[in-house]
Amino acid sequence: ERMRITSAGDVGIGTTSPSYLLHVDDAVATDPSYIVASSGSDFIMAMGSQSSPGVAQEAFIGTLSNQRFKIKVNNVEKGTWTSTGLGIGTGSPDEILHLYNASAGDTALKIETTSGGDPTIYMTSQTASRQGIISFQDNDINAGRIIYEHATDIMTFYTGGTGASHLELTLQETAGAVFRTKVGIGTGDP
């Protein structure tokens, strides 16, 4: 027997006693179980579970081929995963996370804690002596930047892009028993 429909209307595939409206069960615990909607040879959507020897059981929902995966609310796209990343407000993300607001107004990212913690953004590199960069752009052109250079322990604030007329403010801690801060205006080495 490959499938059973109970008197309650539950459908069982791989089980003779389905517990849900659609219950798919694979008798071999390490074999993946998929529910797939496809168009020709392209898998459009899949959900299921799988495990490998020595690996915990995992559940998933997504695509099995190079197709976008969308989340919709009221038939309006709210998020899209592609091979590039997650797009919120865009179906074509340029980065790992791409937020886009197609209407007039601000695009905001909110990080909130209710109690007992500080909202925090970490910028971490797995390679030593890298930079942390926050870039402000107008029409994909740098308008300002904040750069922390780990190798030299310098934080620099730039305004007005990267041309000759930009303003540069550099903060650097100097070695010594007393903490001193140098502020450079018009110099990158105060």
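This is a tour of the structure, one selection at a time.

The model is predicted, so local features are taken at pLDDT of at least 70 and side-chain atom pairs at pLDDT 80 or more, while totals for chains, interfaces and linings use all residues. Residues are numbered from 1 along each chain as its sequence is written, and side-chain values use heavy atoms, with hydrogens and water left out.

**Whole chain**

Start with the protein chain in cartoon view. The chain has zero helices and 15 strands. Both are DSSP runs numbered from the N terminus: H or I over at least four residues for helices, E over at least two for strands. Colour by accessibility next: of the 190 residues, 17% are buried. Buried means under 20% relative accessible area, exposed over 50%, and partly exposed in between, with a 1.4 Å probe and protein chains only. The chain exposes about 14,300 Å², of which carbon and sulfur atoms supply 53%; these areas come from the Shrake-Rupley method with a 1.4 Å probe, and for residues only the protein chains shown count as cover. Among contacts with a separation of 6 or more, residues 24 or more positions apart account for 2%. A contact here means heavy atoms within 4.5 Å.

The four strands make an open sheet in the order 7-8-9-10, with mixed pairing. From one strand to the next the twist averages 20°; axes are lines fitted to C-alpha atoms, for helices over the stretch in contact, and angles run from 0 to 180 degrees between N-to-C directions.

**T80 and W81**

Select T80, in strand 8. T80 has 0% relative accessibility and counts as buried. Leaving out residues up to four places away in sequence, T80 touches R68, F69, K70, G85, L86, G87, T90, G91 and P93. A 2.3 Å polar contact links the side chains of T80 and E77. A polar contact is a pair of N or O atoms within 3.5 Å; within protein, one must be able to donate a hydrogen and the other to accept it, and residues adjacent in sequence count only if both atoms are side-chain atoms.

Move to W81, also in strand 8. W81 is partly exposed at 40% relative accessibility. Its bridge partner in strand 9 is L86. Beyond four places in sequence, W81 is in contact with Q67, R68, F69, I71 and L86. Draw a distance from W81 to I96: the C-alpha atoms are separated by 9.3 Å, at 15 residues apart along the chain.

**Salt bridges**

Show the charged side chains. A salt bridge is a side-chain nitrogen of Lys or Arg within 4 Å of a carboxyl oxygen of Asp or Glu, and the count comes to three.

- E77 with K70: the closest N and O atoms are 3.4 Å apart. E77 is partly exposed at 28%, and K70 is partly exposed at 34%.
- R4 with E1: the closest N and O atoms are 2.8 Å apart. R4 is partly exposed at 32%, whereas E1 is exposed at 67%.
- K110 with E112: the closest N and O atoms are 3.5 Å apart. K110 and E112 are exposed.

**The hairpin of strands 12 and 13**

Select residues 141-149 and 154-159. Strand 12 and strand 13 pair antiparallel over six bridges, and I146 stands opposite F157 of strand 13. Four residues lie between the strands of this hairpin, where D153 takes a positive phi near 55°.

**R130**

Finish at R130, in the loop between strand 10 and strand 11 (131-138). R130 is exposed, with a relative accessible area of 52%. Not counting residues up to four places away in sequence, R130 touches S125, Y148, E149 and H150. The C-alpha atoms of R130 and H150 are separated by 5.9 Å, at 20 residues apart along the chain.

Methods
Two strands pair if DSSP finds at least two bridges between them.
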